[in-house]
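Q: Please walk me through strand pairing and ring contacts here. Let me see the structure first.

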Amino acid sequence: IRKLIKEPTLIRQARVVEMTAPQRRINKIGLAKRILRKATQGVALDNVSTTGLGGRAKPATEQITMTTQEVIAEVRLPYDVLEDNIERMTVAENAASNTPWSSGLQETIVTLIAERAALDLEELCLLADTAYTNGADADDQAYLSMFNGWLKLAAGGHVVNWNNAAISKELFKTGMKAMPGQYQRNLNLMKHLVSVNQEVEYRDTIANRVGALGDSQVQGRGGLSPFGVPLEAVQLMPESVGLFTNPKNLIFGIQRQVSLEFDKSITERVYIVVLTARVAVQVEEVDALVKFTNIASV
């Protein structure tokens, strides 16, 4: 789990929830409206306002449900690949099944698998859609239709349709104005999340300016913060969409330890590595999320 989460992906910034069962309910409680009232000596607040004093405050309670699905990956490595590797792994030992290899190459392989699995999980978290179809690739359809990911869930929040216009500061201004004020108390925790190409395009618009700010965008990779909110590129974000939210509002659930099992086929002369995990995706507060749609592709 540590190897997967520490990879430089959006999952690393999301809220990670460890689950002990296939389903978990997360309780939400909040006070979205004013709770203070004008006090009158000797007069109690009513449950329902009949005194003109506004009545007692009541917290809003809600539950969100997370249900895990299992994912699996299998990697096979021929003996000769490992024997000829610079790390000089010894193969064909009569070790018991599921015994990890006693070699530095094992750590290399596990690291590579974790890096790729983190990317694949981020793809699932972002793009999953139960209505997704791909007639040309049944595996792709089965994978991305397991549940609804963050982009599909974000459609229930505040949607800013940019009508195929180019990315600009006005896009971020419109998104921030679409976000209810109670969620903007700490803009440093919020982020504008767009594709890598869209981040480059926005950086180019800043680079066109005369002065130190424009020069820095051409010569360096200084941070961008439209209207005080950091802008970040997400590798697998589609170019036409984006998000504005606190990344901790995005939930990644994992039911158990990521299982990494080892075996070998002595007749095929290959080592076998199988990774499995049970994961879920959810958004804690949809009202605190803005989705940008129809940004002009570049």
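Q: How many bridges join strand β9 to β11?
A: Two strands pair if DSSP finds at least two bridges between them. Strands (E, at least two residues) and helices (H or I, at least four) are DSSP runs, numbered from the N terminus. Here five bridges join β9 (residues 250-254) to β11, and the two run antiparallel. G253 has A280 of β11 as its bridge partner. The model is predicted: local features need pLDDT of at least 70, side-chain atom pairs count only at pLDDT 80 or more, and totals for chains, interfaces and linings use all residues. Residues are numbered from 1 along each chain as its sequence is written, and side-chain values use heavy atoms, without hydrogens and water.

Q: Is β11 buried or exposed?
A: Buried means under 20% relative accessible area, exposed over 50%, partly exposed in between (1.4 Å probe, protein chains only). In β11 (residues 270-283), 13 of the 14 residues are buried, so the strand is largely enclosed by the rest of the structure.

Q: How many aromatic pairs does a search of the whole structure find?
A: Rings of Phe, Tyr and Trp (its six-membered ring) pair if their centres lie within 6.5 Å; planes under 30 degrees apart are stacked, over 60 edge-to-face, the rest tilted. The search finds two pairs. F172 and Y202 have ring centres 5.1 Å apart and planes at 85 degrees, so they are edge-to-face.
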